[in-house]
Amino acid sequence: MPTISPEEFRNQHPKKFEKEYQKWTEYAADYDWADYIKDDFESQMQVQGIHVDRFTWDISYSQGDGAAFEGRVFVYQWMEANPQYIERYPALYIACKSDGSYAKIRNANRGFYMYCNINESLYETYPEGVFAMLDEDAWVELVVEQWDSAGLEGEMKSTCERFMQDFYDRLRDEYENITSEDAFLESCECNGITFETEGEPDHVAA
């Protein structure tokens with residue numbers, strides 16, 4: 001029985017081609033195709049003081065699709081990546097760097113909503129640097145006042161959510177690329193796959 005190329009098969013027998021293509025997509029992404037994207041985002045996020053323990057995502061083209069992560073955001077590192085906050089809240093920056101304050105990011109049990117909980121010991125810090133001459137009570141009062149004013153918990157959570165939206169978009173685009181018809185044709189050509197012809201063509205391209 002004569003054989004034809006994958007491209008000819010697509011043009012002449014689109015229904016049969018679609019069946020073969022759909023079978024291929026079931027295993028086309030059966031490897032660690034997302035690793036380089038995860039590595040890239042981990043590097044980008046570390047610049048913002050965000051340290052990832054685990055990514056989760058789902059690409060099923062449904063309403064529940066999304067991406068999230070679990071990890072920590074170190075407050076002083078996030079402020080260093082967003083220096084306008086250091087300029088506005090210098091005492092808070094010093095205190096957070098001293099006590100290692102961080103935001104714990106965790107993923108909801110269902111879906112991709114991320115919770116943000118702050119772990120801090122600001123009351124246990126002491127005045128230093130340009131604030132070294134303050135007494136301890138005045139220092140704590142200043143730090144707490146700046147913490148309340150800065151709204152860092154919401155700002156850090158927004159940073160995390162923006163990263164995860166970009167992360168999901170990258171994953172979706174890459175998944176669509178590696179499971180596309182063009183990728184199927186390229187895979188067939190690289191592996192020397194041809195298709196047997198049987199019956200009249202469903203459609204002949206002009």
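This is a predicted model: local features need pLDDT of at least 70, side-chain atom pairs count only at pLDDT 80 or more; totals for chains, interfaces and linings use all residues.

Visitor: Which residues in α2 meet residues in α9?
Guide: On the side of α9, the contact involves Glu181, Ala183, Phe184, Leu185 and Ser187. By class, the contact of α2 with α9 has six nonpolar, one polar and three charged residues. The residues in α2 that take part are Phe17, Glu18, Glu20, Tyr21 and Trp24.

Visitor: How many aromatic pairs are there?
Guide: Rings of Phe, Tyr and Trp are paired if their centres lie within 6.5 Å. By this rule, the count of aromatic pairs comes to 16.

Visitor: Is the pair of phenylalanine 17 and tyrosine 21 stacked or edge-to-face?
Guide: The ring centres of phenylalanine 17 and tyrosine 21 are 6.4 Å apart, and the ring planes are at 10 degrees. Planes under 30 degrees apart count as stacked, so the pair of phenylalanine 17 and tyrosine 21 is stacked.

Visitor: By about how much of helix α2 are phenylalanine 17 and tyrosine 21 separated, and are they buried or exposed?
Guide: Phenylalanine 17 has a relative accessible area of 1% and is buried, and tyrosine 21, with a relative accessible area of 11%, is buried as well. Phenylalanine 17 and tyrosine 21 are four residues apart in helix α2 (residues 14–28), so their separation is about one helical turn.

Visitor: Which parts does the pair of tryptophan 24 and phenylalanine 184 tie together?
Guide: Tryptophan 24 and phenylalanine 184 form a tilted aromatic pair, at 5.3 Å centre to centre and with 45 degrees between the planes. Both tryptophan 24 and phenylalanine 184 are buried. Because tryptophan 24 lies in helix α2 and phenylalanine 184 in helix α9 (residues 181–190), the pair ties together parts that are 160 residues apart in sequence.

Visitor: Which residues is threonine 179 in contact with, leaving aside its neighbours within four places in sequence?
Guide: Threonine 179 is found in the loop between α8 and α9, and with a relative accessibility of 8% it counts as buried. Once those neighbours are left aside, threonine 179 is in contact with Tyr21, Trp24, Thr25, Ala28 and Ala29.

Visitor: How do α3 and α8 run relative to each other, parallel or antiparallel?
Guide: Helix α3 (residues 35–47) and helix α8 (residues 152–178) have axes 11 Å apart and pack at an angle of about 160 degrees, while the crossing in which α3 passes α8 is right-handed. Angles over 145 degrees count as roughly antiparallel, and therefore α3 and α8 are roughly antiparallel to each other.

Visitor: How do the residues in the contact of α3 with α8 divide by class?
Guide: The α3 side includes Tyr36, Ile37 and Phe41, and the α8 side includes Phe163, Arg170 and Glu174. By class, the residues of the contact of α3 with α8 divide into eight nonpolar, one polar and five charged.

Visitor: How many charged residues are in the contact of α6 with α7?
Guide: The axes of helix α6 (residues 90–99) and helix α7 (residues 136–150) come within 8 Å and cross at roughly 100 degrees, and α6 and α7 are therefore roughly perpendicular to each other. Among the residues that meet are Pro90, Leu92 and Ile94 in α6 and Trp139, Leu142 and Trp147 in α7. The contact of α6 with α7 divides into eleven nonpolar residues, one polar and, for the class asked about, no charged.

Visitor: How far apart in space are asparagine 119 and serine 101, C-alpha to C-alpha?
Guide: Asparagine 119 lies in strand β5 (residues 114–119) and counts as partly exposed at 35% relative accessibility. Ser101 is among the residues in contact with asparagine 119. Asparagine 119 and serine 101 are 18 residues apart in sequence, and in space their C-alpha to C-alpha separation is 5.7 Å.

Note on methods:
Residues are numbered from 1 along each chain as its sequence is written. Side-chain values use heavy atoms; hydrogens and water are left out. Axes are lines fitted to C-alpha atoms, for helices over the stretch in contact, and angles run from 0 to 180 degrees between N-to-C directions. Helices (H or I, at least four residues) and strands (E, at least two) are DSSP runs, numbered from the N terminus. Angles under 35 degrees count as roughly parallel, over 145 as roughly antiparallel, 65 to 115 as roughly perpendicular and the rest as oblique. A crossing is left-handed if the near helix is turned anticlockwise from the far one by less than a right angle, and right-handed if clockwise. Contact means heavy atoms within 4.5 Å. Ala, Val, Leu, Ile, Met, Phe, Trp, Tyr, Cys and Pro count as nonpolar, Asp, Glu, Lys and Arg as charged, and the others, Gly among them, as polar. Rings of Phe, Tyr and Trp (its six-membered ring) pair if their centres lie within 6.5 Å; planes under 30 degrees apart count as stacked, over 60 as edge-to-face and the rest as tilted. Buried means under 20% relative accessible area, exposed over 50%, partly exposed in between (1.4 Å probe, protein chains only).
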